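Work through the exercises below with the model open. Each task is followed by its solution.

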Amino acid sequence: MELLSALKKHFGYDQFRPLQREIIDDVLAGRDVFVLMPTGGGKSLCFQLPALMRDGLTIVVSPLIALMKDQVDALQTSGIPATYLNSTLDREEAKARWRGLHRGHYRMLYVAPERLMLDAFLERALNWDIAQFAIDEAHCISEWGHDFRPEYRELKKLRKHLPDVPIMALTATATERVRADIIKELKLHDLRAYVASFNRPNLTYRVIPKTTAYEQLLAFIRSRPNDSGIIYCASRKSTESLARNLNEDGVSAKPYHAGLTNAERTKHQDAFLRDDVRVITATIAFGMGINKPNVRFVVHYDLPKNLESYYQETGRAGRDGLPSECVLLFSPGDVAKQLHFIDEKTEKEARIARAQLQQMVHYAETRECRRATLLDYFGETYAAKRDDVGDQTLPLSVSCESCDNCLQPRETFDGTVQAQKLLSCVYRIHARHGFGFGLGHVVDVLRGADTEMIRQRGHNDLSTYGIGGELKRGEWQAIGRELLRLRLVECAPGKFATLSLTPAGLEALRKRTSIVLTKQIEIAEKSARIKPGTIECDEVLFERLRALRRQLADDRGVPAYIIFSDVSLREMARQYPTNSTEFRRIPGVGEQKLKSFGEAFLSEIKSHLAANPRRTFPEDGNVPGLKRPSRLTKNERQ
């Protein structure tokens, strides 16, 4: 009960999310802990609450200076003594914080790894009562991770300098190999490891064929006029031009990439966090540590290089548990661009990059549940009911219900004739030379193209030359990629990625096995159904409360969500609390926030009710981790 009362007092919640209680118990017992929990799962609470439950200082290692102020502001707004040390502080402010640390005024200190590991810093730290190290974004320590940072490698020296201080490693994305690397590098012992589900039920995943990319993007954003989002691009030039075009079309946007100065990046990020701009356009290559819980959409304007990056980037949507969308604009042309860049890598790097790209393309083109495909990558089986038809797994009516393939299963057709033509062409080319050619060349042969390569190799004499003129080049390439996914064709490793038939493909060719193929993806309409995580509420009151939140946040110079999350505002607009007892029951309302903001929000709610009737809403259990209090009785409201 002591932990639950502290949770409500400081953070305003009545119950823990999955695994939080067990993790916190182990932290308070002084054990080393490894935590793999998806974005929005509540990782931060796992070290923040223990920091308040015991004596001593918790040092939080964070790689992103831009996020430290945001996180500390949120803690201080909840009445929690926290601070940070980084290069943004002037000399006097830094000295004041050092004095506070030496006098034990703080429970939490946020610091970057390169600063923490300076000899001078560690010498000073030896005089503090350090209770815990919390290593956030711990995947940065692994060379096998998608965001390796050499400065994180130095953290393994913490065991030498402070051997008795327990270490907690936290990350949102890590394969089994990366997990093992983190544990080894940080020298974690007496270890308790927790791996939460990677499933984000409030996220909807969609892939849209990229045709008129900018027009598609603009229409998508305009159909969500009150939502903020992130657009990921492959190049700095794209982020700049997209932001410029969006602004010209009435959508406030700022670019964010490594080519900007630190001051420019900070300015653009702050504008996004404070809702001064709706959209950030960012490079895929540059990691954005966005701690904004109400990002309602993430659009990948270009194809990510691998599924791990894609998962982490889409994970920046809907951290508050409310419905959010993840959209990928996909074009086979983007695959060709990626392959061009891969060809410039060393052979070892290129082999890994091609395999990762192939997994990404499989995700984009699959007709199976996208959620199941993503979870499978991380070694987790999605619990939806499936059915096997031959060697091909098809979505059934029982599905994740929040990806395009499950909401609108893609049409299939009898593709036996087309598959036979392509398989036969691959076979004939291989039989002629004893080795294969790439998919692009196979398609050229099928379509009867007059290229120098075809003439030189004599492929215009093959029986399969020109037998595929009925389909466009892109359609044949899509069929080729599907046959790769069905393991009827295999792609040789190496620079030229040549094709050959697998034993199953040879069998299908000889026996003329019936083969079901998928029609190319069409643009999915926005679904009108109620999505997982939806909190139905009085939308007019919600907008009034949002405006009040913005005003209070601007007065304090902090992002709006630090005052209250959208979840808290929606619960206020659903339950209509009119006194402090009722207001305290809203999730996210702790003692300090009740004292600081209760009067202003209660006044706004009463003002709304004076002019509008109280609405009622059906009970639901849509929001993960949210335990809603029982409906207030008439007597309780008075």
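Axes here are lines fitted to C-alpha atoms, for helices over the stretch in contact, and angles run from 0 to 180 degrees between N-to-C directions. The model is predicted.

**Exercise 1.** Determine how helix α16 (residues 347-365) and helix α17 (residues 370-377) are oriented to each other.

Solution. 
1. The two axes, of α16 and α17, come within 9 Å and cross at roughly 160 degrees.
2. Angles over 145 degrees count as roughly antiparallel, and α16 and α17 are therefore roughly antiparallel to each other.
3. The handedness of the crossing of α16 and α17 is right-handed.
4. On the α16 side the contact involves Q359, H362, Y363, A364 and E365, and on the α17 side R370, T373, L374 and Y377.
5. Sorted by class, the residues of this contact are four nonpolar, three polar and two charged.

**Exercise 2.** Do the analysis for helix α24 (residues 539-556) and helix α27 (residues 591-611).

Solution. 
1. The axes of α24 and α27 cross at roughly 150 degrees and come within 10 Å.
2. This pair, α24 and α27, is therefore roughly antiparallel.
3. The crossing of α24 with α27 is right-handed.
4. From α24, V540, L541, R544, L545, L548, R549, L552 and R556 take part; they meet S596, F597, A600, F601, E604, I605, S607 and H608 of α27.
5. The contact of α24 with α27 divides into nine nonpolar, three polar and four charged residues.

**Exercise 3.** Describe the chain as a whole.

Solution. 
1. The chain has 28 helices and 19 strands.
2. Of its 638 residues, 55% are buried.
3. Among contacts in the chain with a separation of 6 or more, 73% link residues 24 or more positions apart.

How values were computed: Residues are numbered from 1 along each chain as its sequence is written. This is a predicted model: local features need pLDDT of at least 70, side-chain atom pairs count only at pLDDT 80 or more; totals for chains, interfaces and linings use all residues. Side-chain values use heavy atoms; hydrogens and water are left out. Helices (H or I, at least four residues) and strands (E, at least two) are DSSP runs, numbered from the N terminus. Angles under 35 degrees count as roughly parallel, over 145 as roughly antiparallel, 65 to 115 as roughly perpendicular and the rest as oblique. A crossing is left-handed if the near helix is turned anticlockwise from the far one by less than a right angle, and right-handed if clockwise. Contact means heavy atoms within 4.5 Å. Ala, Val, Leu, Ile, Met, Phe, Trp, Tyr, Cys and Pro count as nonpolar, Asp, Glu, Lys and Arg as charged, and the others, Gly among them, as polar. Buried means under 20% relative accessible area, exposed over 50%, partly exposed in between (1.4 Å probe, protein chains only).
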